[in-house]
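Biologist: I would like to go through this structure with you. Could we begin with the contacts between charged side chains?
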Amino acid sequence: MFRETMLFTIPVAISLLISRLVFAVPDDPAGTELRMLVYAGTACFSALLFVPVGAPFTARSLPVLLRLCAVVVLIFAIALGVDSQTRAAIGQIVPLAMMLFVLLIAILTPVFVFHARSSEVRQIVFTVLAILFSAPVWLGPLTEQTGNTPGLTNLIVGVSPLSALAVSLDVDYLRTGWFYKHSVLGSLRYEYLSWTGYVLIYMTFISSLIIGTAKFEYDRLFNLLRNKVVTS
Amino acid sequence: MRTTKTITMLISITLFLGGIAHAAESKGMDPELRDKAKRAVDEGLHFLRTSQSDDGSWSNSVGITALSLRAFLQSHRGYNESDGAFITRPIDFMLAHINEDGSIGETNLNRNYNTAVSMTALAATGNKKYDEVLSDAQAFLRQLQIDEQEGYEKEHAYYGGIGYGGDERPDLSNAYMALEGLRASAVDDDDPVWEKALLFVSRSQNRSESNDQEWAANDGGFTYMPGFSPNGGTSSYGGMTAAGLLSLLFAGVDKDDPRIQAAYDWIRANYTLEHNPGSDGGVQGLYYYYNVFSKSMAAYGDDILMDTNGNEHNWRNDIARKLLSLQNEDGSWINPDSPRWWEGNKDLVTAWSVISLNAALQ
């Protein structure tokens, strides 16, 4: 179990450090909230990318997952503590931690549900997540072309897990420097979904997958048992 | 004979005085155009009346409500709170969205913008009972301003700037709005907020003599924020140049100051109302440009502007003709070519346009 935990957490930590280097703003003493959002997004992707191939799907995975989330939250807490400008955000660590946990579960559940340490499912899930995370950038022009229809704009903002993290951090990330330059959404009218709204949506998604898994497992075991009875 | 002479003299004096009065009223804008502009204002305000919600708001937005209210209060009709619910309800709507930190707004987004335009609108009522609200709002904007409290030193490009309020990235557009709100609510000239803001405003200008940033060019115009223009690189464009000029004036800089003259010269060199000069495609932020152009020219004080080709322009006539040509049949205005910066919203664009005409009619 310790080995599994390390297999999860070391790649996550490496990804966080790399992303910190890539997205650092050297002359900005404030430590932008955007960087924290990128760290969180990288952590979520990392958990998916570095899931050990071939590891058995057992009931021990849940405690491992919890340990992973605890480590990620701890890393964020340290990052927030070192950065003097974001110490005020420590008060938001609980919603942030919750949202990270929910997002990690949401990302990993498809992998677990389909017993998939297989590369194909990982790639599909990763691709879908990459598309969703980056939706505010590449889907922004669509909102402009359609005249900034409020429903469409808010939908595009809402589908990105970055928005969920931003809401938990109480940060208008679409108007931070990088996004304002690369996404048209910052110049349009939009609203973020509420934090509780995001939690409900993701928990519903996870619950659906778990129920689906239970049904899948039930059918699989039922057929297995029936075949055994028939052959015997 | 003597009686006839007296009467003739009296009539002459009367005509002379009437002529003076008429000339004073029509100073700047041609009289016939002035009447048309007033009619356009009335039609715009009529549209706003029809689009106003039952709670007095427009587009369910504190910011748009404040701008619409300002359009009414500063119009030639001289509307005030005694005129009825269409004035008092939007005030109540804004007051109902006062937050604990002194900001005014229905959302965490656009806190600076909403608070600043609300301050301008409340100040325009002339009612002293809003002084405490204005004082709290001033305090909010001061703490929003980037300075040592956020860990920035004077040498940093962001120092003195003000952003949307949801993050710490400042920009000249939000800074000018905040300064307008602070000036409208009569913040003292010696308040440090002005000096700090001047640093940021100067660092947003393409004028290397007063901008210590390496990227600064020398056309005298302004860019969106230090080191960035949405039109590419650090290029100057009309909306921000007018905003920068207005910001300098708000901050108490003398009209003859080289920074102001450089900005005015950029406007002279790029004078047009056919598009937002220097912007990508010229249509983005067009009505924002019209609005801030009118206010900046009114504040600068010269009715006649000579462009760098030697042509004279009466900016009051020009902006009035332009806005009249763009007004829709229902009295509204809208930017059909770009929804950026909310210019696809009829309430907002109509409010901006009426405010522009109000400034030109001053």
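Predicted model: local features only at pLDDT ≥ 70, side-chain atom pairs only at ≥ 80, totals over all residues.

Biologist: What is the make-up of the side of chain B that touches chain A?
Modeller: The residues on that side of chain B divide into nine nonpolar, 13 polar and six charged. Across the interface of chain B and chain A, nine residue pairs are in polar contact, with both residues at pLDDT 80 or more.

Biologist: And how much area is buried between chain B and chain A?
Modeller: About 2100 Å² is buried between them, and carbon and sulfur atoms give 52% of this area. In chain B, the residues that lose the most area to chain A are Leu109(B), Pro339(B) and Trp342(B), together 27% of what that side buries.

Biologist: How many residues does each chain bring to the contact?
Modeller: Chain B contributes 28 residues and chain A contributes 24 residues.

Biologist: Back to salt bridges: what is the count over all chains?
Modeller: Over all chains the count comes to 20 salt bridges. One of them joins Glu180(B) and Lys295(B), at 3.1 Å from N to O.

Biologist: Which helices hold those two residues, Glu180(B) and Lys295(B)?
Modeller: Glu180(B) lies in helix α7 (residues 172-184) of chain B and Lys295(B) in helix α11 (residues 286-300) of chain B, so the pair ties together parts that are 115 residues apart in sequence.

Biologist: Where does α11(B) meet α9(B)?
Modeller: Lys295(B) is among the α11(B) residues in this contact, as are Tyr288(B), Val292(B) and Phe293(B); the α9(B) residues include Met240(B), Leu245(B) and Leu249(B). The axes of α9(B) (residues 238-250) and α11(B) come within 8 Å and cross at roughly 35°, and the crossing is left-handed. The contact residues divide into 13 nonpolar, three polar and one charged.

Biologist: A new topic: at what angle do α3(B) and α4(B) pack?
Modeller: Helix α3 (residues 62-73) and helix α4 (residues 85-95) of chain B pack at about 145°, with their axes 10 Å apart. Their crossing is left-handed.

Biologist: Which residues meet there, in α3(B) and α4(B)?
Modeller: Among them are Leu69(B) and Phe72(B) in α3(B), and Phe86(B) and Ile91(B) in α4(B). The residues of this contact divide into eleven nonpolar, one polar and no charged.

Technical notes
Residues numbered from 1 in each chain as written. Chains lettered and ligands numbered in written order. Heavy atoms only, no water. Contact = heavy atoms within 4.5 Å. Buried area = accessible area lost by both parts, 1.4 Å probe. Polar contact = N/O pair within 3.5 Å; in protein donor to acceptor, adjacent residues only side chain to side chain. Nonpolar A, V, L, I, M, F, W, Y, C, P; charged D, E, K, R; others polar. Axes fitted to C-alpha atoms, helices over the stretch in contact; angles between N-to-C directions. Helix = DSSP H or I, 4+ residues; strand = E, 2+ residues; numbered from the N terminus. Left-handed = near helix turned anticlockwise from the far one by under 90°. Salt bridge = Lys/Arg side-chain N within 4 Å of Asp/Glu carboxyl O.
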